[in-house]
Amino acid sequence: MTVIVRTVLISGVLALACPVASHAQDAAAAAAKRPQADMMAMDKAFRALNAQVKDPAQNAASLAALAQMEAATVASKDGVPPLVAALPEAERAARLVEYKKEINKLLRQELDLEEQLLEGNNAKAAETLAAMQATQQEGHRGFRPQRGRGPGGAPGGAGAPGAPGAPGGGAGGRQ
């Protein structure tokens, strides 16, 4: 009889501990640093660069904006995008590696851009900036929820800005 009581008690304790452990994992995922503030700083610097990269007289200002962008890019590597944080633990680690690889790709492009601006090669710098924009759009497709869609992907709006049919959409729209 004591074996049955002991088994029931142990089963009860385990049943209570499992949801607590699961909740702790969910809380850890939710507490992960979101890279949104870093991404906003990167976007601000990107806009400045986009406006002046072709002008050699603006290279000093471009290099200053690029330094801010590089710092924000490095800081964003410690972040966990909300779409990754929401994944089950088994999938999260692999997606986080993909995210960091995408950030590393952008950082390499930023370093190339810095070198080109230092050399005064603004034509090449403009090409690199265009490649950086493509990297940004690729990263946003993979790691940021589309506007108008909830975490489950259910349609609820017009889609990403710049997408055909979306407000302000068309070939020149930003994502």
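**Helix packing in a predicted model**

Me: At what angle do H2 and H6 pack?
Reply: H2 and H6 pack at about 150°, and their axes are 11 Å apart. Axes here are lines fitted to C-alpha atoms, for helices over the stretch in contact, with angles from 0 to 180 degrees between N-to-C directions. That angle makes H2 roughly antiparallel to H6. The cut-offs: under 35 degrees is roughly parallel, over 145 roughly antiparallel, 65 to 115 roughly perpendicular, and the rest oblique.

Me: What kind of model is this, and how are residues numbered?
Reply: This is a predicted model, where local features need pLDDT of at least 70, side-chain atom pairs count only at pLDDT 80 or more, and totals for chains, interfaces and linings use all residues. Residues are numbered from 1 along each chain as its sequence is written, and side-chain values use heavy atoms, leaving out hydrogens and water.

Me: Back to H2 and H6. Which residues make the contact?
Reply: H2 gives Asp43, Phe46, Leu49 and Asn50. H6 gives Leu129, Met132, Gln133 and Gln136. Contact means heavy atoms within 4.5 Å.

Me: Is that crossing left-handed or right-handed?
Reply: The H2 and H6 crossing is left-handed. That means the near helix is turned anticlockwise from the far one by less than a right angle; clockwise would be right-handed.

Me: Zoom out. How many helices and strands are there?
Reply: The protein has 6 helices and 0 strands. Helices (H or I, at least four residues) and strands (E, at least two) are DSSP runs, numbered from the N terminus.

Me: And how much of the protein is buried?
Reply: 28% of its 175 residues. Buried is under 20% relative accessible area, exposed is over 50%, and partly exposed lies in between (1.4 Å probe, protein chains only).

Me: Which residues of H2 are buried?
Reply: Asp38, Met42, Asp43, Ala45, Phe46, Leu49 and Gln52. The buried residues of H2 pack against H3, H5 and H6.

Me: How do H2 and H3 pack?
Reply: Their axes are 8 Å apart, at an angle of about 155°. So H2 is roughly antiparallel to H3. The contact includes Met42, Ala45 and Leu49 of H2, and Ser62, Ala65 and Met69 of H3. The crossing of H2 and H3 is left-handed.

Me: What span should H3 have?
Reply: H3 covers residues 59–76, and its 18 residues should span 26 Å at 1.5 Å a residue. The expected span is 1.5 Å times one less than the number of residues. The end C-alpha atoms of H3 are 25 Å apart, which agrees.

Me: What do the buried residues of H3 pack against?
Reply: Helix H2 (36–52), helix H5 (89–119) and helix H6 (122–143).

Me: What about H5 and H6: how do their axes cross?
Reply: They come within 9 Å and cross at roughly 165°. That makes H5 roughly antiparallel to H6. The contact residues include Leu106, Leu113 and Leu117 of H5, and Ala125, Leu129 and Met132 of H6. H5 passes H6 in a left-handed crossing.

Me: New topic. Where is Val53?
Reply: Val53 sits in the loop between H2 and H3.

Me: Buried or exposed?
Reply: Val53 is buried, because its relative accessible area is 3%.

Me: What does Val53 touch?
Reply: Ser62, Leu113, Leu117, Asn122, Ala125, Ala126 and Leu129, leaving aside residues up to four places away in sequence. Val53 and Leu129 are 76 residues apart along the chain, and their C-alpha atoms are separated by 8.1 Å.
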